[in-house]
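Here is a short briefing on a structure.

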Amino acid sequence: MKKTILSLAAAAAVMSFGTVAAEAKVKACWIYVGPIGDFGYSYQHHQGLLEAKAKFGDELETAYLESVPEGADAERAIERFARSGCNIIFATSFGYMDPLNKVAGKFPDVKFEHATGYKREHPNVATYNSKFHEGRYVQGVIAAKESKAGVAGYIASFPIPEVVMGINAFMLGAQSVNPDFKVKVVWANTWFDAGKEADAAKALIDQGVDIITQHTDSTAPMQVATERGIKAFGQASDMIKFGPTTQLTSIVDDWGPYYIERIQEVIDGTWKQSDVWGGMKEGHVVMAPYANMSDETKKLAEETEAKIKSGAFNPFTGPVTKQDGTEWLKAGEVAQDSVLLGLNFYVKGVDDKLPQ
Amino acid sequence: MRIELVKRPERSALFAALSPFIALGLTLIAGAIMFSLLGKNPVEALYYYFIDPLREVWSLHELAVKAAPLILIAVGLSICYLSNNWNIGAEGQFIVGAIVGSILPVMFPDFQSWIVLPLMLLMGIVGGAAYGAIPAYLKVRFNTNEILTSLMLVYVAQLFLDWMVRGPWRNPAGMNFPETRTFSAAATLPEIWSASGRANWGFVFAIVAAIAMWFMLSRTLKGFEVLVLGQSPRAGRFAGFSQSRMVFFAFLVSGGLAGLAGISEVSGAIGQLRPTISPGYGFAAIIVAFLGRLNPLGIIAAGLVLALSYLGGEAAQISIGVSDKVVRAFQGMLLFFVLACDTLILYRIRFVGSSAAKTVEGTQNA
C-alpha cells in the first residue's frame, strides 16, 4: 500500500513538472490515415516526421495520430492538435480537407498543411502533393522492357485523379518502348487491405500478366509476386526487403525535405500559404535502386529518370490519344496541371473501363 | 483446483450493482500492468484515458458528437435484441438513412427553407426503417436467418453509397474526388451551443429516443409484448401477440433510429456524403447495447463510456506516445471485463477441489 501511494505521488510529480522541461521552439503534429506500420503511404509520412526530428533535434517537438478515420473523427483530431499547442499541423489524407479548413478558421495562429487536397479557405491553410506519376512513367518503361507477355497488372485503389494519372503515366511510359503494350487494372477499392490486394495480384497473374504494379499501400502484392516468380514494383516506400528477387524499383515518397522546409519557415516566421506539387526535381519523388533487371533496361530507366528530373521531359507530352480514340494532346503539347488534377479518362491501351 | 460457474436461482441484485465497478477495477489493474510493461507511467496513462477528455468544454462536445450515433443506434437495437430479433445490420440502415436523407441537399441544393431539415430527418428515418424492413420481411415470409441477411445488406449499402458518391452524386465542382457537394446552411443540423463546441442536435435526439424507448418498454403494453415475445414466443402467442408483427416492429424501430443517426451524422458532423461516413458505428452500437444491458437508460451511460474510450485513446496517443494498437487493446480490455463481469449477475463462481478435478480429467481421458 505504501508503495502504491509513493508511486502515485511520483506520478503526480511527473505530471505537474513534465511540461516544464525542455522548451521546444516549435511543435509540429501529423495526422495519418493508416497505421505507421503499413510500410506504404503513412509509413513514409512518418519517415518524414523522423527526418524532421533528426534535423531539428530539441528545437522541435512532434506528435502524431495514426489510423484517424476520414469523416467526423478527423475534425476532432485536428482540433485536438490545434488546442494542444501545435504550431503546424500536417493532415496527410484527402478526406481531411473540409474538417481541416473548418478548424483552420478557428485557429488563425496555427499553420495547417493538407496533403493531396485543393481547398485553401483561410490564409493559414496550405496544400502539398507529389508528382508520383513521374515515377510511374519510369516504371512503365521498365515494365515494357522486362515483360515477356507484353501485359502488366495494375492494382489500383480508388478512381480519383491521382490514381488515374498514375495508370496513364505507366501506360505512356510502356508505350514509349512497346506501342502494343497492355495494362490490366483491378480496383481494390481500398488503400490498405493486405487480403484484398493479394487476391487482386493473384487474379492478375492468373490472367497472364508477368509484372505487377500497385497503387495500394501494403506489401502483399510484392509477396504474392515473389511466390509466383514474377516481377513487381513497390509502392510509396522501398519494399526490397519484402521481395529481394522481385522488386524492380519502387516510387519512394520522400516527404522529409518538404516538412523540414515548412517547419523552418514557421521557426523563421516566413511561412506563407502555398500549393506545392513537387516531383523528382524537388526530391519529393525518389526511385528506389533499380534491381532484378537487365543492364540495358536499367540504363534506359536511369536515362528516363534523368530526363524527367532535369525538367526536360514531362510524361504527359503529346501525341496522346484517349482510350475512346479521340485526341487529347497534340504532338509536343504538354498537359495542363488543371486538367491532370481532375483527370477522369484513360489513355489508349489501358485494358479496363474506368469506373465512373 | 478448478473454477466452475454455477447458475444462480435468480438474478443477483448485489452483483448487478457491483459488476461495473469490479470491471472498472480489473481494467485499471490490467491496464496499469500493460502500460508499465510498455515503459509508460500507468497513472499518467490512465489519467489521459479517463480524466483528460472530461476537463475541457470542447472535449465534452466531442464526447457528445461521438456518443450520439452510438446511443441512437443501440437504443433501437435493444428493442430488437429484447424481442429476439438479431439485427446485425444497423451499419447498413445508418448508411441508407444518410443517403435517403441527403436526397434534398444533394439533388435540390437550391431548395432552401426551414422545412428542408425536418424533411431530411424524416426521410432519413424512413430510409433506415425501409432498409431494416428487408430482413424483417425475409424472416417473416421465408424464415431466413436475419443475422445473415441484415449483415449482408450492410455491404450492399456500403457499396451503393460508394457508387453514388463516385457516380451520380459526385460534386460537380469537386475535381472528380468521390464526395457530394457540401450541404447548405439550411440543410445542416444546428449545433446545440455553438459558442463552445460542435455538438449538434443529434445528441438531443439520442437522449430523447432513449427516454422514449425506456418509457415504452417499462410502462406500455407494447413494451410488455416486446419482452414476452423475446423471452417466450409460446407465451406470447397465448397472449394473442403476433410474432410476425413484432419482427417488423423491431426492425422498423431500430432501422428508423439508425437512419436518424445516419442523417444526423452526415448533416450535423460531416456536412456532405463521402465513401465512408461511419467508422463502424452500427457494429460498435451492438457492444453499446449489451454494455447498457439492453436498457435504454443504461445505453446512454454505455454510449458515453465507449465514446470516452475513443477520445481518451487519442489523448493518450498524443500525450504519452503510445501507439494506436495499444489504445485499441486497452479499449478491448475494458469491454471484455465489463461484459465478463456481468456473468456474475446470473452465475456464481465455485472453486472445486483438486481431487474432484482429477476425477473429471480422468473420465474425459478415458
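The radius of gyration is taken over C-alpha atoms, and the globule rule is 2.2 Å times the number of residues to the power 0.38. Chain A agrees with that rule: for 356 residues a compact globule would have a radius of gyration near 21 Å, and chain A has 22 Å. This is a predicted model; local features need pLDDT of at least 70, side-chain atom pairs count only at pLDDT 80 or more, and totals for chains, interfaces and linings use all residues. Residues are numbered from 1 along each chain as its sequence is written, while chains are lettered from A and ligands numbered from 1 in the order in which they are written.

**Chain A overall**

- The C-alpha trace of chain A spans about 75 × 45 × 35 Å along its principal axes.
- Chain A holds eleven helices and 15 strands. These are DSSP runs (H or I, at least four residues, for helices; E, at least two, for strands), numbered from the N terminus.
- Of the 356 residues in chain A, 51% are buried. Buried means that 20 or more other C-beta atoms, placed from the backbone, lie within 10 Å of the residue's own.
- Among contacts in chain A between residues at least 6 apart in sequence, 64% join residues at least 24 apart. A contact needs C-beta atoms, placed from the backbone, within 7 Å.

- The largest nonpolar core has 211 residues. Such a core is a set of buried Ala, Val, Leu, Ile, Met, Phe, Trp, Tyr and Cys residues joined through C-beta atoms within 7 Å.
- A:I78, A:I89, A:I167, B:L70, B:I71, B:L72 and B:I73 touch the most other members.
- Leaving out residues up to four places away in sequence, A:I167 touches A:Y154, A:A156, A:V183, A:V185, A:Y346 and A:V350.
- In α4 of chain A (residues 97-106), the buried residues include A:M97, A:L100 and A:V103. Their cover includes α3 (72-83), β3 (88-91), β4 (111-115) and β5 (125-130) of chain A.

**Chain A against chain B**

- The contact takes 32 residues from chain A and 26 residues from chain B.
- On the chain A side, α3(A) gives the largest share, six residues.
- That side has 18 nonpolar, seven polar and seven charged residues. Asp, Glu, Lys and Arg count as charged; Ala, Val, Leu, Ile, Met, Phe, Trp, Tyr, Cys and Pro as nonpolar; the others, Gly among them, as polar.

**Domains of chain B**

- Chain B has domain 1 (1-40 + 324-366) and domain 2 (61-321), with bounds from an automatic or database domain assignment.
- Their centres, taken over C-alpha atoms, are 32 Å apart.
- Eight residues of domain 1 of chain B are in contact with eight residues of domain 2 of chain B.

Note on methods:
Buried ≥ 20, exposed ≤ 12 C-beta atoms within 10 Å, placed from the backbone. Contact = placed C-beta atoms within 7 Å.
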